[in-house]
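Please look through the sequence and the model below before reading on.

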Amino acid sequence: MHRRDYYGRLKRRQAVDRVLREGLTGIRVIRSFNRVDYEKRRFNEANLDLTNTAVKVNRMMASLMPLMMQILNFASIAIIWFGGLRINNGHMQVGDLMAFLQYAMQIMFALMMASMMFVMIPRASASAVRINEVLNIAPQIKDPEKAENVDNKKGYVEFQNVTFSYPGAEQPALSYISFSAKPGEVTAIIGGTGSGKSTLINLIPRFYDIDSGSILIDGVDIRSLSQKHLRDKIGLVPQKALLFSGSIADNIRFGKEKAADDEVRRAADIAQATDFIENLKDGFESVISQGGTNVSGGQKQRLSIARALVKRSEIYVFDDSFSALDFKTDAKLRQALKEETVNATVLIVAQRVSTIMDADRIIVLHEGKVAGIGRHHELLKSCQVYKEIVSSQLTEEEIV
Ligand SMILES: Nc1ncnc2c1ncn2[C@@H]1O[C@H](COP(=O)(O)OP(=O)(O)OP(=O)(O)O)[C@@H](O)[C@H]1O
Ligand SMILES: [Mg+2]
């Protein structure tokens, strides 16, 4: 069989897997948009394609086997036939004939096995190529050969002229960003959707390497720290709250494996999650299903905040982590956070002005650039972009 056929089949199988997976995970979206028939058609197309090739290949393989058995059996008939004649003439012993038959069968079986290899090798090699492709991907973020250690535990974060573009993107997602965030202060980042807030946040734990400039933590470039050491310093609450299957306590302990029960509880208290957890039948031992589908969006956010808090790191990063909370819970949570994080550096990304109004420093991002840095009142006077965001959300009285 030709190797290309196997590549084709592999691709078709992947296509079927992809369509099937999308159909299962997106089932509610598909139903709500009445796209069931469309998805069925899409699946049928992908599936028919695979079926056709599979039938073709299997038909060839199925005819190969009887053909070979036929050759084998006709050969033994011929041996016995001619051998019988020779024995009849007295030229040969019966034992010789049996031995000859055995040898001939062994050789032919070996040939048959060899021909099976022609079928199996291309199949295995097509899979091996793909597996190797995945295994051979080298991580782009590498630890420095000699990592520096910063153990003075302060958490001073500084961006110096940072420019970053996503791999393959034409425009930089962030350009010339400079600011510093100090321990004991709250630094807020605000800006329209797609302005680069999450991108900026993701650069601090070094999920991506920057193009130019530098990011310093306690005066040391993050590229000269080991990734483990760097990430130990940061408690991150990502924009998309992701929980793992397991109990609620397991999920909070994800931040700190050996956290004692009262530490877990304290983190949940600060994250305003205790109330809803205790209302569940099994409390902290209640089971979160895969992907956290059995808790609400706001509950998920609060659990992922608790997970970051239990770590007690010197830098806390909240990426739009209060968006799914009602105003009352949001205010209560921020009050509790303030007490918890008095000595830590806190970076908060938010959409709501009310969440960040009292921050020590507000960074306004606009299309990947800093449009202004300052306190609420300063920015109201000096920054047009900030003024627009504020006036779209607050009334005249609330602004002052
Ligand atoms: N993984 C990625 N690969 C390529 N481009 C990306 C990626 N993530 C984001 N971008 C691009 O970078 C820009 C900034 O995105 P980012 O997620 O930082 O915005 P944001 O300010 O966090 O928006 P939001 O308020 O919606 O969360 C966008 O134009 C987006 O298209
Ligand atoms: Mg974002």
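Glutamate 367 is exposed, with a relative accessible area of 60%, where exposed means over 50%, buried under 20% and partly exposed in between, computed with a 1.4 Å probe and protein chains only. This is a predicted model, in which local features need pLDDT of at least 70 and side-chain atom pairs count only at pLDDT 80 or more, while totals for chains, interfaces and linings use all residues. Residues are numbered from 1 along each chain as its sequence is written, chains are lettered from A and ligands numbered from 1 in the order in which they are written, and side-chain values use heavy atoms, with hydrogens and water left out.

Glutamate 367 sits in the loop between strand S11 (361-366) and strand S12 (369-374); helices (H or I, at least four residues) and strands (E, at least two) are DSSP runs numbered from the N terminus. Its phi is near 50 degrees, a positive value in a residue other than glycine. Asparagine 161, also not a glycine, has a positive phi of about 50 degrees, but its place is in strand S1 (residues 157-164), and with a relative accessible area of 43% asparagine 161 is partly exposed.

An unreviewed UniProt entry places the feature "transmembrane region" at residues 64-83 and 103-121; such positions follow the numbering used here, feature names are shortened, and annotations may be inferred rather than shown by experiment. In the model, residues 64-83 are 100% helix and 0% strand, with the end C-alpha atoms 28 Å apart, and residues 103-121 are likewise 100% helix and 0% strand, with their end C-alpha atoms 27 Å apart. For "domain: ABC transporter", the unreviewed entry lists residues 157-392, a span that is 35% helix and 25% strand.

The residues around ligand 1 (those with a heavy atom within 4 Å of it) include Tyr166, Gly196, Lys197, Ser198, Gln239 and Gln351. A polar side-chain atom of tyrosine 166 lies 3.3 Å from a nitrogen atom of ligand 1, and an oxygen atom of the ligand is 3.0 Å from a polar backbone atom of glycine 196.

Methods. A polar contact is a pair of N or O atoms within 3.5 Å; within protein, one must be able to donate a hydrogen and the other to accept it, and residues adjacent in sequence count only if both atoms are side-chain atoms.
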